[in-house]
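I opened the notebook to record what I looked up in this structure. Entries are grouped by topic.

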Amino acid sequence: MDDMMPLMRRATELTAGVVRGVEDEQLGDVTPCSEFEVRALIGHLEWVAELFESLGAHGGYVEQGAYAGDFPERAERTLAVWARPEAWQGTSPAMGMPMEQLAHMYLVDMVVHGWDLARATGQAYEPDAEAVARSMAFTSRMVDMGRQRGVFGPPVEVAEDAPEFDRLLGLIGRNPEWAP
C-alpha cells in the first residue's frame, strides 16, 4: 500500500488533469482505444473510478453507467477508499483476486487511458516513470489473461530499446505513434 498509493494518486491526478483539459467539441473525436471515442473513454474512466471505489471497499461489481462528466470527483472518492489500510487486505469478493492485484489494474487503467485521452485531444502527457515501471511489470505477468478477456489487443511491435512506456503501450495493443 505504502508504495502504490503515491503512484495511484499521481496517475489519477495526471489523468484527471487531461480530462479537465478536454474541450466539448472534442467529445466525439476518435481515440487510440479503438472501441471508444473521447466521451465514451471519459465515461469508461468514470466507471473505472466507481468500480474500483466499490472494490476497494470490498463491495460488489458495478455496471458502467452513462457519461456524467464527473471523473475527477469519482477518482478522488476512489483514492480515499484505497487510502484506508483495510482496502488492501484479502481478496476481492467481487473479482476473486487479491486486492493488491486490483490496485495494479487500476494503475494500468489510469496510466494507459490517460495517454489515450491526451493523445486524442492533443494534450501533453508524461506519466510517472515508477508508475510506468510498475504497470509494465504487472501487465507483463497478466497480458495473456488480459487478451483472453478482451481487455488488451494484439501486441504492436515496438523496438526493444524504445522507452518503457512505448513498450507498455505496444504490449497491450496500442501504437505509441498513434495520431488522430
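I count a contact when heavy atoms lie within 4.5 Å. The model is predicted, so I kept to its rules: local features need pLDDT of at least 70, side-chain atom pairs count only at pLDDT 80 or more, and totals for chains, interfaces and linings use all residues. Residues are numbered from 1 along each chain as its sequence is written, and side-chain values use heavy atoms, with hydrogens and water left out.

**Entry: His-113**

I started with His-113, which is found in helix H4. Helices here are DSSP runs of H or I with at least four residues, numbered from the N terminus. Is His-113 buried or exposed? His-113 is buried, because its relative accessible area is 6%. The cut-offs I use are under 20% relative accessible area for buried, over 50% for exposed, and partly exposed in between, with a 1.4 Å probe and protein chains only.

I then listed what His-113 touches beyond its neighbours within four places in sequence. The residues in contact are Cys-33, Leu-41, His-44, Leu-45, Val-108 and Arg-174. I also noted a polar contact of 2.9 Å between the side chains of His-113 and Asp-116. A polar contact is a pair of N or O atoms within 3.5 Å; within protein, one must be able to donate a hydrogen and the other to accept it, and residues adjacent in sequence count only if both atoms are side-chain atoms.

At 6% relative accessibility, Val-108 counts as buried. Leaving aside neighbours within four places in sequence, Val-108 is in contact with His-113, Ser-135, Phe-138 and Thr-139.

Next I looked up the helix pair. Two packed helices are described by the angle between their axes and the distance between the axes. At what angle do H4 and H5 pack? Helix H4 (residues 99-121) and helix H5 (residues 129-148) pack at about 115°, and their axes are 9 Å apart. On the H4 side the contact is made by Glu-100, Gln-101, His-104, Met-105, Leu-107, Val-108 and Val-111. On the H5 side it is made by Ala-131, Val-132, Arg-134, Ser-135, Phe-138, Thr-139 and Met-142. By class, I have eight nonpolar, four polar and two charged residues in this contact. The axes are lines fitted to C-alpha atoms, for helices over the stretch in contact, and angles run from 0 to 180 degrees between N-to-C directions.

I moved to helix H3, where Arg-74 lies. Arg-74 is buried, with a relative accessible area of 12%. Which side chain does the Arg-74 side chain make a polar contact with? The partner is the side chain of Glu-50, at 3.0 Å. Beyond four places in sequence, Arg-74 is in contact with Glu-46, Trp-47, Ala-49, Glu-50 and Ala-68.

Trp-47 is in helix H2. I find Trp-47 buried, at a relative accessible area of 14%. Not counting residues up to four places away in sequence, Trp-47 touches Tyr-61, Val-62, Glu-63, Gln-64 and Arg-74.

Arg-77 is also placed in helix H3. Arg-77 is partly exposed, with a relative accessible area of 39%.

**Entry: aromatic pairs**

I searched the whole structure and found five aromatic pairs. Among them, Trp-82 and Trp-88 form an edge-to-face pair, 5.1 Å centre to centre with 80° between the planes. Rings of Phe, Tyr and Trp (its six-membered ring) pair if their centres lie within 6.5 Å; planes under 30 degrees apart count as stacked, over 60 as edge-to-face and the rest as tilted. Both Trp-82 and Trp-88 are buried. I also noted that ring pairs link Trp-115, Tyr-125 and Phe-165 into a cluster.

**Entry: two loop residues**

His-58 lies in the loop between helix H2 (38-56) and helix H3 (71-82). Its phi is near 60°, a positive value in a residue other than glycine. His-58 counts as partly exposed, at 28% relative accessibility.

Pro-154 is in the loop between H5 and helix H6 (164-171). Pro-154 is exposed, with a relative accessible area of 63%. Its contacts, leaving aside neighbours within four places in sequence, are Arg-147, Gly-170 and Gly-173.

Conventions: Nonpolar A, V, L, I, M, F, W, Y, C, P; charged D, E, K, R; others polar.
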